[in-house]
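Let's take a walk through a protein model together.

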Amino acid sequence: MYDVHEYCKLFESIIAESSPDNINENLNSLTKTINVDAIPVADRVVLSSHILKNLSREQRMQLAKSLIQEQIVDQKNKLSHWSLVTAQSSMIDTGYIAQHLVSLQTQIAGQGMRGKGDDLCDGSEVKGANFIDSLDKNGATAPRWNFNSVSVDIMERFLDYKAIFLLSIDLNPKHQYRIRIWKVDIHKHTLLRNRYKEWMQKLGYPKFADPSHKSISFQLFPPRNGTDDNYARHGNGRENGFSKLNIPLENTEGATLIFRADIIDDIPVISIF
């Protein structure tokens with residue numbers, strides 16, 4: 001019979017004895033002995049919160065590097081092999097990787113499960129967009145951050161998120177893989193908040209007033225691939241749509257770049273954490 005508080009003590013001991021260089025190896029040796037499916041979701045959040053709280057900044061940075069190495073670099077290299085064999089995409093699903101990285105950077109645990117509910121246990125939202133190997137048949141690529149709503153209540157909740165974390169995986173101007181995460185405070189980011197309100201009035205509420213529409217999505221386009229752009233984009237400029245709008249994600253009230261890693265010679269190099 002497990003005791004979540006005993007697990008907390010075990011992890012606390014391992015963390016205290018580990019250096020940044022061996023933290024992933026030591027944690028892995030302990031997690032291998034635990035049947036995560038036997039731990040109730042609520043206890044997983046308690047355990048994760050305790051682990052994240054006890055990890056030092058240097059340990060969390062090293063774990064972030066290990067996560068990127070295992071789940072992005074190594075996985076991408078393996079999928080490239082199969083892509084040549086099968087002609088299937090080698091694109092990596094970044095949704096959950098984004099949540100892992102945000103938890104490591106912020107020390108905020110997830111909800112211990114996939115699917116519905118908040119991405120982080122404090123009520124924050126995490127979105128990921130991946131440019132790598134996302135070309136369509138016409139050579140176009142348009143990853144986006146989708147905020148899907150199936151009801152008016154969910155649509156309006158966007159304006160009350162404690163924080164919104166936006167992750168982008170793309171190429172930097174040197175054609176190296178790059179991972180960036182921005183933290184947005186929707187209460188303070190006036191430009192984004194006002195555009196979202198405009199979108200709700202012009203598109204959101206009318207769509208939900210029609211019974212045939214079951215869902216709607218507010219879409220933000222990340223900074224352009226291969227550039228040093230640091231703003232999201234919304235609107236296509238068409239008469240029946242929304243004016244084009246560049247939404248700054250850095251050096252503005254309510255938005256901050258909190259994480260950046262560039263993959264240099266297949267090695268993650270973190271410059272902002």
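Start with Cys-121, which has a relative accessibility of 35% and so counts as partly exposed. Keep in mind that you're looking at a predicted model.

Now, how far is the sulfur of Cys-121 from the closest cysteine sulfur? That closest sulfur sits in Cys-8, 13 Å away, which is too far for a bond. A disulfide needs the two sulfur atoms to be within 2.5 Å. If you search the whole structure, you'll find 0 disulfides. Cys-8 is in no disulfide either, the nearest cysteine sulfur being that of Cys-121. And is Cys-8 buried or exposed? With a relative accessible area of 7%, Cys-8 is buried, because anything under 20% counts that way.

Next, let's look at the sheet. Strands of a sheet pair through backbone hydrogen bonds, and they can do that in a parallel or an antiparallel way. Here you have an open sheet of 5 strands with mixed pairing, and if you read across it, the order is β1-β3-β4-β8-β9. The edges are taken by β1 (125-130) and β9 (267-272). Each of these two has a single partner strand, so one side of each is left without a neighbour in the sheet. Going from one strand to the next, the twist averages 15°.

Key
Residues are numbered from 1 along each chain as its sequence is written. This is a predicted model: local features need pLDDT of at least 70, side-chain atom pairs count only at pLDDT 80 or more; totals for chains, interfaces and linings use all residues. Side-chain values use heavy atoms; hydrogens and water are left out. Two strands pair if DSSP finds at least two bridges between them. Helices (H or I, at least four residues) and strands (E, at least two) are DSSP runs, numbered from the N terminus. Axes are lines fitted to C-alpha atoms, for helices over the stretch in contact, and angles run from 0 to 180 degrees between N-to-C directions. Buried means under 20% relative accessible area, exposed over 50%, partly exposed in between (1.4 Å probe, protein chains only).
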